[in-house]
Amino acid sequence: MIRIRILILSAIPVFVFSLPVFGFFDDIRLSSYAQKQQIHEIIAMLQPKLDKGDTLNPLQIYLLAASYTSTRDYRKALMTIDIMQKQIDRGERTYLGSDFTVYPQILRGGIYLGQGDFLKSIAEGDLAYRLLHENGREKQNFYTSQLIEIYDFLGVAHALAGHQTEAQKIAGALQKVSITVMNGPPKYSALARIYMALKEYDKALTAIRNPSARVTGFITAFYDQTFQEIPKLYILSKSLYETSNLPEARQGYDQLLRHPQIGQIGGIYWIVLCDRAKIALSEGQKSMAEDLLKKAVQVIEQQRSSINTEAGRIGFVGDKQDAYAQLIDLLLSDKRYPEAFAYVERSKARALVDLLSSQKNIPVRGENVQRLKMNLNQMAEAESELAAVSSAANRESQNKTRSVLLTLKKELGEKAPETAALVTVQAPSTTDIQKLIGSDETLLEYYSTGRNWYVFVLSPSSVAVYKLTTDDLAKDVHDFRKMITLNASESYKARAEALYRQLFAFVEPSIKTRKLIIVPHGALHYLPFCALAQGGNYLIDRYSIRTLPSASVLSFLKARTGQPRTGRSLILGNPKLDDPKYDLQFAQAEALAVGAILPNSKVLLRSEATKTNFMAESSQFSIIHLAVHGTFDPDKPLDSSLLLSGDKVSDGLLTSADLYCLSLHADLVVLSACETALGKVASGDDVIGFTRGFLYAGAGSLISSLWQVDDQATHDLMVDFYSNRKTMPKDESLRQAQIKVKQKYPHPFYWAAFLLTGNAL
């Protein structure tokens, strides 16, 4: 028996496996394909046998699973790995002396890492490590190879999950692993990936340059130079770039960009384009940088879910918003304001796509729902096919698939624009947005590129941009909120005036209207703009204010203004939560008072204020008012909840995620609860919380709170708001209610928490 080392291609990481070549014809052919990295030939040879119901031996099923993993066809890879796991569970663990026990975990761990699910990857790695050290497996000939593979993805997963200490321990253990000429390249490549994930680029550079990391001599016959070049050259180039060796980094990046396969590895491709653009800018090549950044954005926007493959497996997950931010900075430096604004909106659309990429069962809205659902399924299949590494014979097929995908996206955008906004980057042009701004309104959109803060000032006929002067705006906002919530303190006043000067004073001369649309960014989502002050006068004293998660939302809201409403109101108050400390005395009185003001009201109190009743009946009402407790989970924003009464059907937690499964016809939703305007602000900004969820669910507008509000003051404010609605639009109704409460309770803690998002009419 002759044992040959075979490397099963996976763009990143490389799965190394020692397997025997015996006198069986099929296995000899497969070994030959594996040595030559002909993975599509492996699939073509084995998948038909599996489809016919033939039983594949452990070697064959492993080769098939590894080949699908290599092509990034993760659905088929996981299905094949499941078959492999069942064989192992039946006791079919070895084949011709090779033990396959840990390979389902190794393959799954690499897949989950590539998909960005670091915790699942860690779980598979921990299990693989335990299995490897059971039943004497640490004495087998191929123990070291398998240990390196486990350390590889496990160390990267820990680092990217923020478990720095664990990742360092794994890197230290990997350093101590004794190697042969065959184990050197995978060991040092694994070390480089872990150090890159830890952002210790000097150590990554040392590892990837270690002489033992090079594939030399006779073993080059078993390494695919096409895909081996990309990850190693990327690690080298990225490490050079991050350690300021720009000339060498430029040379490496240019070599990568010329590589014929780079376009199929989108998770690396956009990062290479972005970094190469930064080098071009540093060398004064502005036009080249712009072209590279626009190409990076195009690559990022090709998929509706995150680019979730190779970069994570190498050990570097880039912030896709950086490509937008760099491009926006560049365009603004040339005073190309409308184009820069369009990319700001595209960046927010991309952020929403990324944040909701895991959300399931989002309802489709539009004509011919069944056709649109089929459209979404076809899009998902097409994107999965395009994400896979194709064989030369399949290139023409992939080009056809790409054309089909473009047609499907166009149809979805035309027939179901709201659904398209959740799964694709669909942003209207700057001119289209300007047409949706009222003649009596001014839109202020704030945006941070990470280096600079800007505010775009839009009217129906003009676009202007101002650069903000601020050192640490996030800290200023945090401190201001903290001062306000200490409602006995007057310390907030100085910070209110400082924030006014930073954010508003220099743009106010250009504002000719008394109505403002404010689109925040980052920490500004948590700022009560109405409480900014100049000489003791608040913005609320001069302006009616409404907010939007992005300016593009105007197109959806405009379409809703003419929708027929039932004229009925649903009011839930003071749900029974089986704990006296959660009783809201004034919330119950508020619900009854609001019910008395609004005609055709249905008021559900205490044990009737259930999630079950809300989910069943909410679609029938034009106004929905919830006087309840709310909780905000910044780490899992889709789990943030409104606390309704439980029953036999439900625990009563109405989560933010639930809202994306609703279909409302409400002109107004009022969340008279604690912290309901909050959501998690990710790197791209769009806030995932109750606000965006209710707007997608169909609400025309939403009133919500920024902090835990006072029970009595909220009761007074809500009664005044609904009384004002008889003669005023929503923005002015809220403003006048806040001013009236301010007269009774001057401190902004009592009146500044509530904000209107969405339509003003």
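A residue counts as buried when its relative accessible area is under 20%, as exposed when it is over 50%, and as partly exposed in between, using a 1.4 Å probe and protein chains only. By that rule Phe529, at 6% relative accessibility, is buried.

A word on the basis of all this: the model is predicted, so local features need pLDDT of at least 70 and side-chain atom pairs count only at pLDDT 80 or more, while totals for chains, interfaces and linings use all residues. Residues are numbered from 1 along each chain as its sequence is written, and side-chain values use heavy atoms, with hydrogens and water left out.

**Aromatic pairs**

Rings of Phe, Tyr and Trp (its six-membered ring) pair if their centres lie within 6.5 Å; planes under 30 degrees apart are called stacked, over 60 edge-to-face, and the rest tilted. Searching the whole structure gives 13 aromatic pairs. Here are two of them.

| Pair | Centre to centre | Angle between planes | Class |
|---|---|---|---|
| Tyr241 and Tyr253 | 6.3 Å | 55 degrees | tilted |
| Tyr446 and Phe529 | 5.6 Å | 35 degrees | tilted |

Tyr241 sits in helix H11 (residues 225–242) and Tyr253 in helix H12 (residues 246–258), 12 residues apart. Helices (H or I, at least four residues) and strands (E, at least two) are DSSP runs, numbered from the N terminus. Both Tyr241 and Tyr253 are buried.

Tyr446 belongs to strand S5 (residues 441–448), and its partner Phe529 lies 83 residues away, in the loop between strand S8 (515–519) and strand S9 (533–534). Tyr446 is buried too, with a relative accessible area of 0%. Elsewhere, ring pairs join Tyr62, Phe100 and Tyr103 into a cluster.

H5 (residues 103–114) and H7 (residues 143–160) pack at an angle of about 30 degrees, with their axes 10 Å apart. That makes H5 roughly parallel to H7, a label for angles under 35 degrees. Axes are lines fitted to C-alpha atoms, for helices over the stretch in contact, and angles run from 0 to 180 degrees between N-to-C directions.

Definitions and conventions: Parallel < 35°, antiparallel > 145°, perpendicular 65-115°, else oblique.
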